[in-house]
Amino acid sequence: MLEIAPHSVLSRTTIIERIKLRISDPKSLVITPLPAKPDPFDHDSIDLRLGSYFLIPQSPPAPFLDPTDANSSRHSHMKVHKPFGTFLVIPAHQTVLGATLEFIKLPNDVSGQILTKSSVARTFLLIETAPWVHPLYRGCLTLEIANVSNTPQLLYPGVHIGQLILIANDKPANDAESLSGAYVGPIEPESPA
């Protein structure tokens, strides 16, 4: 396996090498399920698809959101499932929480950044208001999807919506510390903890 310089972006070759490692290897990377076609790998990133579960803000909204109340944000969303082949309409200037279809396990020496695919961003749909992914993260990534256009947009589960860029860290993360965060192992979008 190639040694990577700290703070460098992992290339397609390195990403594929890391995916092929045994899951018990601390350097292993898991991204599953990987689509067979089209090829999800770019030179320096991997495409991620939109899952089929969404959290839609309640309408009418609550009079306020209290960040100190653990239940405040959970009661302000309605969970919706959209099977493949169907779509969800996001009105103009509205938001929804979605998640990646892919489950991700980052190794202890890699961080990630999720970015909106440029073809999606050019329709004024954004997914990454919280783009950073910490080392040792496990789960599907919650996407803060915002339609900042003047037109309603359709969200299709399974569409390539984001790209994950992986960055080598100069020092591996401590396993015990990193696996105790608020968002460990989600498989659907999560409201704020």
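Predicted model: local features only at pLDDT ≥ 70, side-chain atom pairs only at ≥ 80, totals over all residues.
Strands are DSSP runs of E with at least two residues, numbered from the N terminus, and two of them pair if DSSP finds at least two bridges between them.

Seven antiparallel bridges link strand 7 (residues 110-116) to strand 12 (residues 160-168). Leu115 has Gln163 in strand 12 as its bridge partner.

## Nonpolar core

The largest nonpolar core has 29 residues. Such a core joins buried (under 20% relative accessible area, 1.4 Å probe, protein chains only) Ala, Val, Leu, Ile, Met, Phe, Trp, Tyr and Cys residues through side-chain atoms within 4.5 Å. Leu141, Ile145, Leu155, Leu164 and Leu166 touch the most other members. Strand 12 gives the most to this core, four residues.

Apart from neighbours within four places in sequence, Ile145 has contacts (heavy atoms within 4.5 Å) that include Leu50, Ile90, Val96, Leu126 and Leu155.

## Tyr156

Tyr156 is in the loop between strand 11 (153-155) and strand 12.

## Conventions

Residues are numbered from 1 along each chain as its sequence is written, and side-chain values use heavy atoms, without hydrogens and water. Local features need pLDDT of at least 70 and side-chain atom pairs 80 or more, while totals for chains, interfaces and linings use all residues.

Conventions. Buried < 20%, exposed > 50% of the residue type's maximum accessible area, 1.4 Å probe, protein only.
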